Amino acid sequence: MASKLHPVQERIAKAHGSQCGFCTPGIVMSMYALLRNNPQPSMHDVQEAFQGNLCRCTGYRPILEGYRSFTKDGGCCGGKAQSNGCCMTNEHTQEHDSSTLPVQKLYDQSEFMPLDPTQEIIFPPELMSLSKQPQRELRFAGERVLWIQPCSLEELLELKATYPNAKLVVGNTEVGIEMKFKNLFYPVILAPAYIPELNIIQNTQDGIQVGASVTLTVLGDVLRAAVKKLPAHQTEVFKAVLEQLRWFAGQQIRNVAAVGGNIMTASPISDLNPVFMAASCKLTVMSKGEKRVIEMDGKFFPGYRKTILKPEEILLSIEIPYTRKGQYFSAFKQSPRKEDDIAIVTCGMNVFFKEQSNIVQSIRISYGGMAPVTVLATATCNRLLNRQWNEELLEEACTSLAEEMNLSPSAPGGMVTYRRTLTISLFYKFFLNVQHKLSLDLLKEGVTVEDVRPEYTSATELFQLDSPSSVQLYQAVPPGYSDDVVGQPIMHLSALKQATGEAIYCDDIPCYENELHLALVTSTKAHALIKSIDTSDAMAVPGVVAFISAKDIPGSNMTGPVVYDETVFADDKVTCVGHIVGAIVADTQAHAQRAAKAVKISYEELQPVIVTIQDAIANKSFFQPVRSIERGDVAQGFKDSDHILHGEMHIGGQEQFYLETNCTLAVPRGEDGEMELFVSTQSASKTQALVAKALGVSANRVVCRVKRMGGGFGGKESRSTILSTVVAVAAHTVKRPVRCMLDRDEDMLVTGGRHPFFGHYKVGYMNNGRVMALEVTLYSNAGNSLDLSLSILERALFHMDNSYNIPNIRGTGYVCKTNLPSNSAFRGFGGPQGMMIAESWMSDVALSCGLPAEEVHTNSLLLPGEEDEHVQGGGFHSLHFSFINKFNELQHRWTKRGLSIIPTKFGISFTAVFLNQAGALVLVYSDGSVLLTHGGTEMGQGLHTKMVQVASKTLGIPCSKIHITETSTNTVPNTSPTAASASSDLNGMAIYNACQTLLQRLQPYKDKNPKGCWEDWVKAAYFDRVHLSANGFYKTPDLGYDFETNSGRPFNYFSYGVAVSEVEIDCLTGSHKNLHTSIVMDVGKSLNPALDIGQVEGGFMQGLGLFTLEELRYSPDGYLYTRGPGMYKIPAFGDIPIELKVSLLRDAPNEKAIFSSKAVGEPPLFLAASVFYAIKDAITAARAESNLTGPFRLDSPATPERIRNACEDKFTKLVCSNFHC
């Protein structure tokens, strides 16, 4: 590892902000860049710097807390968390006796190295000198693309005349995406970033003129300076542009993306073009022989991604105008996620009033996302001229917009009702904004007009990103036990390596001398026969070595983790878009990918194409068997109930989105069919077995090695084997090492994700909300193969009652066979879906009874009141319930808050009994060092760290003497997947047993030399020829469930948890803020509180994505639209609750697992349902404003679209009446 860490690297590691570590170097560099530019940033600066970064493991909190120490506020939480201590301190709350419990921190901030800006590396003088040299033209010629950087405007215009179809690129934030992901090809690219005329910034009589190559960051700096300097009435447009720039991509993109590129890209959902159009900005365009100024009006975009510029013309500059007194301007952007997301609808709105009046003299409204181009609402604007700005104008405008901003039901992008509602809702926000400002301004001139009603003012407030605060509570190791490493918040053993970028992942392994690269050839049809495959164009690409297909498989083409019902390569039929048909092997990744796109496949399409669960039900397309669980007398239970209700809920799928995509390196060893695989997988033994099956050799000829993964979350439990098998077959065919790391869009296309679920329920309940009888039917979307779907459905059925005691219950489950890539394991493994539907019928019962939800929960809990008690000890729930009611009833019509408390009960064990086993190998070397190997894999969860702690405690030696290199099938055979949250339990016990064997062998030497040390005893045993390695094995006892008899013990024990969350929703847009979450999690006696709290927070944030944000969108033909981070949004830094409190339940040892601990990986995920049901609680308050009461359906995820559509009001009714909803 590097001899000296930078403080930025050290703090993220020691603050426990690095789990899998794959994202860590990027986050480190974002923070480093911020500190180089601003040595004392504010917390807001830190949050803004991370808008372009993602992390799937940590939940973001430890990263922000660690880096808070660099800010002006230091490590203080601002007093928001606790009155008696720092937010990172394990302080005592009222329910605990502070006299007996020691204070302990997750890390000691005083140990951090100080940041000294004077010691930073200087910018290389050689590069600085280059900026002083005269500019000269640069040309780079690739195999197919010519890239030219002209040094003057004259050169640029000459080149554009010569190459009129050439693309101009400054930041390459759009063209790069088009070439890589949309298969567009631009043979000539011009880069005008350093031409002075295109970087001009100057004040004119009418506004500020900005060169087309000026970056968005510079534009923001210029406009902020102008807003500070100029009178407020002149900067209305500037402030609107700045508001859009707040949420425009991330800082890294804004640093390179140019304002001209944003205009000329002509995106129909551009953040800025509606603002420029509404402001009537003037554009200066130029060609070799002409220069002209045009207004950005409704004619500027004649068609999709087109402008009125001639091919030989370039955009030289844009003039952003000043505003006048009596002129008001606003811009709005609505997107699924607030930060770094593309817009659903975006708009600019501009109104100018006649002097000293509220009569409209001119108005201009522009929308993006409502047509193939940015459009003006011309008809509406014409109808508002010379009208007073009052309720009558509002009604006229809304009616007109509902008619004018029309969309076809099949419009690209979907969400038609929502988008049309947004056009009206956003105008209403503009109306209120203007009404408020106008009333204040006219009052100064002695004119009185109506101001905004107080309960409506919240609709005029801009979204503010508050600085988060947090508390973490855990049971510290008692005094006198400091040598006991178990229970200590030890840093992840790889954290420092991950922070420096030195941690080795699969694709970091150095290339072999004769290594080749592989790219997949996948189906573009969801259900079809393969008529022919033409590889002639592909084989003509430079560097291509071979096309690999089913005919090249020496063994069996059939594969699958449980049953062999899928193929390595599609042979004569494809059953999903993304079905692997073949692979190209070439000398570079670029050549392989280019050739793979050149393979031509002709199909004969088949019917039906089954995509959704509803399609499968209609076509009776199910895998067998159908599972059922029953307890009690369901029929009698319904008879005894006071009321019966029926309901439904759909839960969408979720992409695992591990930061490191699937990767395999296969190295043929040249004799006896041996193959060595380096794989990013949770299932080393399954990979070994399936590769051996495809190669036609026994498993002992294949070795699979796993160093670490950049995240897994279940996505690399079974689906990783498909890629590994393809790569191994290719390596066997060409007799050379072959490597493949999938691009994000490929990975999302071929691997599947969490199963979508649909549940129908019938509930019988009493007047007090006590549930007496329940009948649930669950349907899961498995995709085109069975994979692990039956086990996932079984777990969903086992969890269909969550934490409630339902005396009479029946659950039936169907696994739907569809034409999608096979869905698979994902953290929770069906449990969250089963429990989510349970909370849905609980919510319906509460709304039907008109009782508080927590009262209905308590009446049916397995242990009434106990789960509530732990959270109520903090006082949050009782204090806030009445406050939220008051907030909703008295103050805010268009902003509502909601509160929800949700328990969870998660069963720990593989439901497939044979998998509940683990092995370990412990090697003690003569110098006393220990090499530890076990069957689990490290994917960021800290398993290796915990296993070192277990071995350290058992052997009685420091962790520093113990090392784990990798997981490998040639050291521990027949390993179970690292899954089901059981890896610490299983492998920990196996290690414990192996260590006990070694201790027994060493005991005679300890007895002979009681004052000796570990090294003395080991050396003595070695010289006495004692075997210093030991195998350990463990199997969980007394497991098994019989679905025929509905009897047995499916789980070893349960992990319990409870969360309470508070949210705030914008009833006009559907956006929401996560205000507060408190979590209490039962992890037994924690092996490592820092890692366990990290798992709780990380799991919670993944659940937050599942239930409120992440949405997979497919076409009716089974094509996945949301491929990659551009369209598929996981939670970002700004999505964490503003206040987050995590407590590990004290004094709750678990005798059924290693050192009284409990599993922690999967159980916390479902607690994010508290956010979903808090949203539903807020929607209930919004619906009450429209006199709507009782149960209503809210599917998951609770996206802005679903939230807005559920908040029915006069605007949604207007759209529906116009649209015939």
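**Cavities and salt bridges in close-up**

**View 1. The largest cavity and its lining.** The largest cavity of this predicted model is lined by 27 residues, of which Phe463, His1072, Lys1073, Gly1134 and Asp1135 lie nearest its centre. A cavity is a set of points, on a 1 Å grid over the protein atoms alone, where a 1.4 Å probe fits but cannot get out, and lining residues have an atom within 4 Å of a point. The space in the largest cavity comes to about 380 Å³, where a volume is the space filled by probe spheres set on grid points joined across faces, edges and corners. Strand S41 (1072-1081) and helix H32 (1089-1108) each supply at least two lining residues, and S41 gives the largest share, three residues; helices (H or I, at least four residues) and strands (E, at least two) are DSSP runs numbered from the N terminus.

**View 2. The second largest cavity.** This cavity has a volume of about 190 Å³ and is lined by 18 residues, with Glu566, Ile580, Arg719, Ile722 and Val750 nearest its centre. Two or more lining residues come from each of strand S19 (566-567), helix H22 (720-734) and helix H23 (744-751), and the largest share, three residues, is that of H22.

**View 3. The salt bridge between Arg61 and Glu1097.** The closest N and O atoms of Arg61 and Glu1097 are 3.0 Å apart, a salt bridge being a side-chain nitrogen of Lys or Arg within 4 Å of a carboxyl oxygen of Asp or Glu. Because Arg61 lies in helix H4 (residues 61-68) and Glu1097 in helix H32, the pair ties together parts that are 1036 residues apart in sequence. Both Arg61 and Glu1097 are buried, a class that means under 20% relative accessible area, with exposed over 50% and partly exposed in between (1.4 Å probe, protein chains only).

**View 4. The salt bridge between Arg739 and Glu515.** In this pair the closest N and O atoms are 2.5 Å apart. Arg739 is buried at 3% relative accessibility, and Glu515 is buried with a relative accessible area of 7%.

**Notes to all views.** Residues are numbered from 1 along each chain as its sequence is written, and side-chain values use heavy atoms, with hydrogens and water left out. In this predicted model, local features need pLDDT of at least 70 and side-chain atom pairs count only at pLDDT 80 or more, whereas totals for chains, interfaces and linings use all residues.

Terms used. On a 1 Å grid over the protein atoms alone, a cavity is a set of points where a 1.4 Å probe fits but cannot get out, and a pocket is an open set with protein on both sides within 12 Å along at least five of seven lines; lining residues have an atom within 4 Å of a point.
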